[in-house]
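Please keep the sequence and the coordinates open while reading.

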Amino acid sequence: MRVPDDAAPDAAGGPGVPGASAVAGAQGRRLAGERLRQAILAGDMAPGQRLVEEELAGMLGVTRASLRAALFDLTADGLVERIPNRGARVRAITLGEAVAITECRMALEGLCAAKAAGRVTGPEAARLRQLGGELQRSVADGEPLKYSALNGELHRLVREISGQTVAAALLERLNGPLVRHQFQLSLRPGRAQASLGEHLAIIAAIAGRRPAEAEEATRRHLRSVITALLDQRKPDRRKPDPHKDEAR
């Protein structure tokens, strides 16, 4: 695991410094949880990767008890799974789970979009439109990673504008396990171009203060995400079948 920069050792000693005092208790638990969550969501830790307590505690500069407590927190959030007699590992989300989570997102994000359209201010509408322009430029410039980052910023901003803190908190937990699937989707050829119009429709409806239209545009976008997820399990018919000639 790559330790995030803000957990790196400094001249005075601290987390991750050999021989430094390990952080214990609630502070150590919070520190380890934040660092591990960041590493998992950034893709620095792969699905199925084993999480060795002694090794991670040393890297993060926390006690094993605090590290273990943080792993229990991440298990509750669906990012880690504990295997009896084998310890913990980064949880791999199946395609079926990814679809089910996205179905839940559809209801919650639709609600947030409708709420946002009902309370958006002039400056917030301008920021949404600015994001729309940036999304268009990233597609035109062929920058899928930038588009993916802007996509995440758009959804975050809609949740913020909505003021629906309960839905926003639930979405934060739902989105964590989906990160790897979302990243893979963002790199698929043509995916950014396909979703750009959907995002622009969401922006137009919220900025135009049309709640029902904003909710439907959001649901329509997430239905297309589900379709794209399911398409991943279909065989690529463009690739030749190596066994085709053998069957003749």
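The expected span is 1.5 Å times one less than the number of residues in the helix. Helices here are DSSP runs of H or I with at least four residues, strands are runs of E with at least two, and both are numbered from the N terminus. The buried residues of α10 are Ala214, Ala217, Thr218, His221, Leu222, Ser224, Val225, Ile226, Ala228 and Leu229. Buried means under 20% relative accessible area, exposed means over 50%, and partly exposed lies in between, with a 1.4 Å probe and protein chains only.

The model is predicted: local features need pLDDT of at least 70 and side-chain atom pairs count only at pLDDT 80 or more, while totals for chains, interfaces and linings use all residues. Residues are numbered from 1 along each chain as its sequence is written, and side-chain values use heavy atoms, with hydrogens and water left out.

Thr102 sits in helix α4 and is buried, with a relative accessible area of 1%. Leaving aside neighbours within four places in sequence, Thr102 is in contact (heavy atoms within 4.5 Å) with Leu178, Leu222, Val225, Ile226 and Leu229. A polar atom of the Thr102 side chain also lies 2.7 Å from the backbone oxygen of Ala98.

Helix α6 covers residues 144–162; its 19 residues reach 27 Å from first C-alpha to last, close to the 27 Å expected. Its buried residues are Tyr147, Leu150, Leu154, His155, Leu157, Val158, Arg159, Ile161 and Ser162. What covers these residues? The cover includes α4 (95–119), α5 (122–140), α7 (165–175), α9 (191–207) and α10 (211–231). Just after α6, Gly163 takes a positive phi of about 75°.

The strands form an open sheet of three, in the order β1-β3-β2, with antiparallel pairing. β1 (50–51) and β2 (80–83) stand at the edges, each with a single partner strand, so one side of each is left without a neighbour in the sheet. Two strands pair if DSSP finds at least two bridges between them. Four bridges join β2 to β3 (residues 87–90), and the two run antiparallel. Within β3, Arg89 is the bridge partner of Glu81.

Glu53 belongs to helix α2 (residues 53–60). Is Glu53 buried or exposed? It is buried, with a relative accessible area of 13%. Not counting residues up to four places away in sequence, Glu53 touches Arg64, Leu67, Arg68, Leu71 and Arg82. With Arg64, the side chain of Glu53 makes a polar contact of 3.4 Å. A polar contact is a pair of N or O atoms within 3.5 Å; within protein, one must be able to donate a hydrogen and the other to accept it, and residues adjacent in sequence count only if both atoms are side-chain atoms. The C-alpha atoms of Glu53 and Arg68, 15 residues apart along the chain, are separated by 6.9 Å.

For the chain as a whole, there are ten helices and three strands, running α-β-α-α-β-β-α-α-α-α-α-α-α from the N terminus. Of its 248 residues, 40% count as buried. Among contacts with a separation of 6 or more, 74% are between residues 24 or more positions apart.
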